[in-house]
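Open the structure in your viewer and keep the selection tool ready. We will go stop by stop.

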Amino acid sequence: MQTPPPERRLSRVLPPLQWLPGYRFSSLPADVVAGITLAAYAIPVSLAYAGLAGLPPQLGVYGYLLGGIGYALFGSSRQLAVGPTSAISLMVASSVSLMAAGDSSRYLQIASLAAMAVALLALLAWAFRLSVLVKLISDSILVGFKAGAGLTIAMTQLPSLLGVPGGGHGFLDRVWLLLGQLSDTNLLVLAVGGLAVCALVAGGRFLPGRPVALAVVCAAIILATLLGLPGRGVPVTGFIPPGLPTFAWPGLRLRDVEGILPLAGGVLLLAYIEGVSAARSFAVRHGYEIDPRQEFLGIGAANLAAALGQGYPVAGGLSQSAVNDRAGARSPLALLFASLTLALCLMFLTGLLQNLPKAVLAAVVLTAVAGLIDIPALWRMSRISRIDFLAALVALVAVLLLGILNGVLAAALASAVMLLVRASRPHVAFLGRIPGSREYSDLARHPENVQVPGVLIFRPEANLIYVNADAVLETVLARVALPAPAGLRLAVCDLSASPFIDLAGAAMLHRLAAALAERNIRLRIVDARAQVRELLRADGLADKVGGIARGEDAASVIEAEAARGPEPASSANPI
């Protein structure tokens, strides 16, 4: 294989070298507007998500500012926006609080170290080409996981919306404590949060793509200041230190914190799956390709930048990317303009945020995570595919009972188990002749097909491997054990739907041939692919089944059997 030139290899690692030379100056105004719009969306959301993570509010803004720069340099999507997400914020809060053991300074350091660990794991995943990770969690599992995450996050924000202390560990404990505190609801706080929810929902419906959340936040700050809400018992954000983030390596090392790598692995898995899924949807819409492997470098660079700025893990999300896309983003330059806008806000506008009611931030989170709970998708799965619906329920319950981190790991495990279950019970079609033709198809789907006297034709509709070999054998032998048509003397195994076979599959065919021989039934193999034929011949099966010829199909074997005529009842059928 010819090695690509150095400049081509460098452009693969640094995507701007690919798209920047062809960038049109006419696209610059659209990218500037998109960047400013994304920053307007990011300010209230990042403040809310930082609070969800148990971190100072400015760290959420740092995540958007620095993560966007890192991704713009190394990511392959032109519309994906990177920053803190609700699920990762809650994952950090639930895991880091246990690791920090009440030490607030250590809490900040561990959160920053987690972002550094995500960057390291992303680099390793890129080096070892582990983009197959995106296939670990099925769409049905992801629907259930998002619904569980949405409910869990909502339970962390409802106390702030009601003006009660809340508390508890885990979803059920939080629900129980909140029910006991309902009588202490602060009606003024509830009114503020309720109005914010109504304004956000109405704005999202009637003004899609506009920075509605920023407008609601600005209005809330003005009203809170004019009405003196902080003095009336309405909790507010408080002082946010102005200025840009300071850059430094995390004060802890990976070996100093037990459990940091499982946390980083869970974050990377979730960030990669959600980010690549969102990036692909926008790439299809705009007619270009993303590089799934390169996305590891994009995520890694974003988290490395966030870690160096004392931030916490970030990821590409569908909601912020949709804002970026609807605002007209043409290239990753939109992320750089968003970062520049956020930097200006951090230097000059943080003093305006200190009277922002926390109930409004809770409203921002609640309306943002409402989209995670996709009831129509769950209802559709319940009607169409029971196994997909059960898989989604497993993921949902796992998140509610085990938390976000263990929930995402359980969801990945559930996807793998579901895949194995499906692979272990493949459909075996028993075939009949289509009337008026030499073709054969599934009798169960087409009962009008004609069963050939004395012949059983079956087609395993999967690769024959160690996971499912025994199931195929049991299915065929169970069919033979039924009151079979009189004079059954030939079984034809159609391997056209089995492009791969391993030694366990070949051994199963040996056992099937022997079991059928005991019943005076001969086995023939037809329509086997080239690799399958080679393996079965090398394993000696061809000698037992009368050869495995290229181009031999069920019709030709059955016609040859008919021309051969019936054998004497006393004769043995050699295998």
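Exposed means over 50% relative accessible area, buried means under 20%, and partly exposed lies in between, with a 1.4 Å probe and protein chains only. This is a predicted model, where local features need pLDDT of at least 70, side-chain atom pairs count only at pLDDT 80 or more, and totals for chains, interfaces and linings use all residues. Residues are numbered from 1 along each chain as its sequence is written, and side-chain values use heavy atoms, leaving out hydrogens and water.

**Stop 1: two loops**

Select Ala-101. It sits in the loop between α5 (86-100) and α6 (104-127). Helices here are DSSP runs of H or I with at least four residues, numbered from the N terminus. Is Ala-101 buried or exposed? Its relative accessible area is 69%, so Ala-101 is exposed. Now check its backbone: phi of Ala-101 is near 55°, a positive value in a residue other than glycine. Most residues other than glycine have a negative phi.

Next, select Arg-129, in the loop between α6 and α7. Phi of Arg-129 is also positive, near 55°. Arg-129 counts as exposed because its relative accessible area is 58%.

**Stop 2: a helix pair**

Select α7 (residues 139-162) and α18 (residues 404-424). They pack at an angle of about 160°, with axes 10 Å apart. Axes are lines fitted to C-alpha atoms over the stretch in contact, and angles run from 0 to 180 degrees between N-to-C directions. So α7 is roughly antiparallel to α18, a term for angles over 145 degrees. The contact (heavy atoms within 4.5 Å) includes Phe-145 of α7 and Met-418 of α18.

Stay on Met-418. It is buried, because its relative accessibility is 7%. Which residues does Met-418 touch, not counting residues up to four places away in sequence? They are Ser-138, Ser-140, Ile-141, Ile-387, Asp-388 and Ala-391.

**Stop 3: Gln-294**

Select Gln-294 in helix α12 (residues 292-308). With a relative accessible area of 3%, Gln-294 is buried. Leaving aside neighbours within four places in sequence, its contacts include Arg-12, Phe-74 and Trp-126.

**Stop 4: helix α14**

Select residues 333-348, which form α14. This helix has 16 residues and reaches 23 Å from its first C-alpha to its last. Its buried residues include Leu-335, Ala-338, Leu-342 and Cys-345. Show what covers them: α2 (16-19), α3 (28-52), α4 (57-74) and α13 (318-326) are among the covering elements.

Definitions and conventions
Expected span 1.5 Å × (residues − 1). Parallel < 35°, antiparallel > 145°, perpendicular 65-115°, else oblique.
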